[in-house]
Amino acid sequence: MQLASFLNANLQHDRAVTELSSIKNLAVELAGRSGALGLHEVNQSAKNIESEINQILTERGLTRSTIEAIHEEVSQLKQSLEEIQTAKLPAAPAPRETKFRQYGQLVYLEETTSTDQQELITQIGYFGYQVNSFHTMEELKESINNSLPTAVLMDVVFSNGELRDAAFIHDLQDSLPAHVPLIFISEYDDLSSRLQAVRSGGVAYFTKPVDVVSLIDALDRASGSHPIEPYRVLLVEDSKFQAKLYAQVLIKAGMQVNIITDPMTILEALAEFNPDLVLLDMYMPDCTGMELAQVIRQNETFVSVPIVYLSSETDKDKQLEAMSFGGDDFLAKPIQPHHLITAVTSRVERYRKLRSFMTRDGLTGLFNHTTIKERLEQEISRARRHNITISFAMLDLDQFKKINDTYGHPTGDRVLRSLSRLLKQRLRRTDIIGRYGGEEFAIILTETDAETARKVLDELRRGFANINQVSGSRRFKTTFSCGVAEFPAYSSAAAITDAADHALYLSKLQGRNRVEIAPPPPSEYNEL
């Protein structure tokens, strides 16, 4: 009996030592990962467990007190991990636009109160910039102290190749912060005048009559009115703990992250989140990362989205095999935070650049015909899942052929750009704008009913009708007509497109330069 008890005790001791060695290895790995990710409490607890086990194995032996010490450290580690597991990820920053109409700020410094200058102020206002006028340096300085301008416009006069207002401009430059640009407007278009403008610190120079669209381009660059949208990363990882760790790293870098721990929900997540990159674990319970990559690649909408594997797999052959099944890169765990950020950033930047060539119209920079149709399908699917209303609008420039015939196609292109610029300036970032073809545009107004959309677009219509279009020394005005339809009244992309197009036809039929709403369809229409 004594021998049996002795052997049993030794067997239990050996098992305990083996298990402690395994726990120690896990603690070492956890300490390394948590330290790299800046999780200091987890890192310290893991190191404490490693230290306790080392002492047991080399010095103190396995006793009740050593077991209690390890138990206390494990309890503390468990609490830290639970706090991470239940911690709410930081919400992605909401778009700045909460209204349909947003204003940049512009200070306009005028020398006289001429009719042309007042008209220019009005024209700039149509594109969403607030314009303030000043006659003296004292007025300008007082205003700058209260509110920093986006830019300063100055109507300047040159005489015999010299800037008449040189002393005034020098004083102005001393009053302006370095990042506030000075833009000159003048009647002269000779090289000497332009050189004087450059030497006086002007970043842009416009001759009269001013091409307002080009001026707005310069103001947009100065104001940064179109900031880069945060990168959207879809993280597919069955371990909630690891998913939280990597998501926190990316979120701190300014990215939006959507975590999926159940790979079987990836199709819904792709449609809902529309990611710039998929970060994919290789080994998951229900399917492998390679299988999931092939599923993603079978969807035409996401065939070009970068897929990056994130796995502890170290076998190079298996890594290469995984990349042959639709993957673009392979990152081995554990990975340093800056390596993860760099890898994701470089892939997304390249993807967005290539994507823009495929999805954007070269003239206007808006989504092209194919892309706006795809986005409409996606937005209707999203609206259906969340039971929300969206509106779809079709816009068409009135008598555009006559503009091309009268003023030439380059002028027609500038008119198209002026309308696209107005739409981008005055609509929300959440709204989706595309050039449907020729002089026709399409807009998806998210979470907006038809009547609200009509009011917004009618305000845009009135503003656009007052914009001076320029062709050489000639000026003219033009208008657009618009038709609006609403989901869920029209419950498919084809139905809502047809309805908006018919409403556009009605607005043309009733005299142009107006916005019409498609009437509700017969009850059986959406059942077909």
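**Exercise 1.** Determine whether Leu310 is buried or exposed in this predicted model, and describe its surroundings.

*Solution.* Step 1. The relative accessibility of Leu310 is 1%. Buried means under 20% relative accessible area, so Leu310 counts as buried.

Step 1. Leu310 is located in strand E11, which spans residues 307-311.

Step 2. Neighbours within four places in sequence are set aside; Leu310 is then in contact with Tyr246, Leu279, Leu280, Asp281, Met282, Leu331, Lys333 and Ile335.

Step 3. Glu237 lies 73 residues from Leu310 along the chain, and the C-alpha atoms of the two are separated by 8.8 Å.

**Exercise 2.** Identify the buried residues of helix H10 and state what they pack against.

*Solution.* Step 1. Helix H10 comprises residues 266-273, and its buried residues are Ile266, Ala269, Leu270 and Phe273.

Step 1. These residues cover an arc of only 100 degrees around the axis, and therefore they lie on the same side of H10.

Step 2. Just after H10 comes Asn274, with a positive phi of about 50 degrees.

**Exercise 3.** Describe how helix H9 packs with helix H13.

*Solution.* Step 1. Two packed helices are described by the angle between their axes and the distance between the axes.

Step 1. For H9 (residues 240-252) and H13 (residues 337-359), the angle is about 65 degrees and the axes are 10 Å apart. H9 is therefore roughly perpendicular to H13.

Step 2. The crossing in which H9 passes H13 is right-handed.

Step 3. H9 contributes Tyr246, Val249 and Leu250 to the contact, while H13 contributes Pro337, Leu340, Ile341 and Val344. Sorted by class, the contact of H9 with H13 has seven nonpolar, no polar and no charged residues.

**Exercise 4.** Classify the orientation of helices H16 and H17, and list the residues that make their contact.

*Solution.* Step 1. The axes of H16 (residues 409-426) and H17 (residues 450-465) come within 11 Å and cross at roughly 140 degrees.

Step 1. Angles over 145 degrees count as roughly antiparallel and those from 65 to 115 as roughly perpendicular; H16 and H17 are therefore oblique to each other.

Step 2. H16 passes H17 in a crossing that is right-handed.

Step 3. On H16, the contact is made by Val415, Ser418, Leu419, Leu422, Leu423 and Arg426; on H17, by Glu459, Leu460 and Phe464. By class, the contact of H16 with H17 has six nonpolar residues, one polar and two charged.

Technical notes: Residues are numbered from 1 along each chain as its sequence is written. This is a predicted model: local features need pLDDT of at least 70, side-chain atom pairs count only at pLDDT 80 or more; totals for chains, interfaces and linings use all residues. Side-chain values use heavy atoms; hydrogens and water are left out. Buried means under 20% relative accessible area, exposed over 50%, partly exposed in between (1.4 Å probe, protein chains only). Helices (H or I, at least four residues) and strands (E, at least two) are DSSP runs, numbered from the N terminus. The arc is that of the directions from the helix axis to the C-beta atoms. Contact means heavy atoms within 4.5 Å. Axes are lines fitted to C-alpha atoms, for helices over the stretch in contact, and angles run from 0 to 180 degrees between N-to-C directions. Angles under 35 degrees count as roughly parallel, over 145 as roughly antiparallel, 65 to 115 as roughly perpendicular and the rest as oblique. A crossing is left-handed if the near helix is turned anticlockwise from the far one by less than a right angle, and right-handed if clockwise. Ala, Val, Leu, Ile, Met, Phe, Trp, Tyr, Cys and Pro count as nonpolar, Asp, Glu, Lys and Arg as charged, and the others, Gly among them, as polar.
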